[in-house]
Amino acid sequence: MLSPRLIDELNLQIKYEMFSAQLYLSMAAWCADQQLDGFVIWFKAQAEEEKFHAMRFFEFIDDMGGRVKMTGFEDPQGDFESLTEVFEYSLEHEKFVSKRIYHLMNIAQEEKEHATISFLNWFVDEQREEEKSFSGVLQQVKRFGGEGLYHLDKELSTRVFTPPVIA
Ligand SMILES: [Fe+2]
């Protein structure tokens, strides 16, 4: 059985992952307003990925005999100055989520909770990928303005979220 502290912290992570989905949908809406259709697809896929993350925490808590609790959050930011700001903001958000995962990992290690450590390892790798992905697009957005942005928008429109098979 997980400690009450760990259950609370894992539940809090469901909230952060769901908030990430809300934030990325908010960014998709901003991109839609700017007629950046490829970016809309990209952010919608990212939001799906975040919901998948949230459900992994939901299922893990339940599998471990803990009580899942859903809690709310404030509204995500909806207005941005530029596409660069959108990606700077989201990269900072992903860095914050990485810190949250490390925080959970620190507690699990402190409590020698090996099942949770094993579960969280996937998220440590996942966050490295997320930061790489966001900073990659940020670099591209900064590099290509005007006509180049049109090509980037086209390239990003091919993104599809397929839930990974986890052993
Ligand atoms: Fe996530």
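Predicted model: local features only at pLDDT ≥ 70, side-chain atom pairs only at ≥ 80, totals over all residues.

**Getting to know the model**

Trainee: What pattern does the protein follow along its sequence?
Mentor: Helices (H or I, at least four residues) and strands (E, at least two) are DSSP runs, numbered from the N terminus. There are 5 helices and 0 strands here. Read along the sequence, that gives α-α-α-α-α.

Trainee: What is the radius of gyration of the protein?
Mentor: It's taken over C-alpha atoms, and the globule rule is 2.2 Å times the number of residues to the power 0.38. For 167 residues the rule gives 15 Å, and the protein's value is close to that, so it is as compact as a globular protein of that length. The radius of gyration is 17 Å.

Trainee: Back to Q35: what is its phi near?
Mentor: Q35 lies in the loop between α1 (4-33) and α2. Most residues other than glycine have a negative phi. Q35 isn't a glycine, yet its phi is positive, near 60°.

Trainee: Which loop holds K112?
Mentor: K112 is another residue other than glycine with a positive phi, near 50°. With 8 C-beta neighbours inside 10 Å, K112 counts as exposed. Its loop is the one between α3 (83-110) and α4.

Trainee: How far does α2 reach from its first C-alpha to its last?
Mentor: Helix α2 spans residues 37-63, which is 27 residues. The expected span is 1.5 Å times one less than the number of residues. The reach of α2 is close to that expectation, at 39 Å.

Trainee: At about what angle do α2 and α5 pack?
Mentor: Axes are lines fitted to C-alpha atoms, for helices over the stretch in contact, and angles run from 0 to 180 degrees between N-to-C directions. The axes of α2 and α5 (residues 146-156) are 7 Å apart. The angle is about 35°.

Trainee: How many residues of the contact of α2 with α5 are charged?
Mentor: Two residues are in contact if their C-beta atoms, placed from the backbone, lie within 7 Å. D37, G38, F39, I41 and W42 of α2 meet D153, K154, E155 and L156 of α5. Ala, Val, Leu, Ile, Met, Phe, Trp, Tyr, Cys and Pro count as nonpolar, Asp, Glu, Lys and Arg as charged, and the others, Gly among them, as polar. The contact has 4 nonpolar residues, 1 polar, and the charged ones number 4.

Trainee: Which residues does R159 touch, not counting those up to four places away in sequence?
Mentor: R159 sits in the segment after α5, and with 17 C-beta neighbours inside 10 Å it counts as partly exposed. R159 and Q46 are 113 residues apart in sequence but 9.0 Å apart in space, C-alpha to C-alpha. Leaving out residues up to four places away, R159 touches I41, W42 and A45.

Terms used
Residues numbered from 1 in each chain as written. Buried ≥ 20, exposed ≤ 12 C-beta atoms within 10 Å, placed from the backbone.
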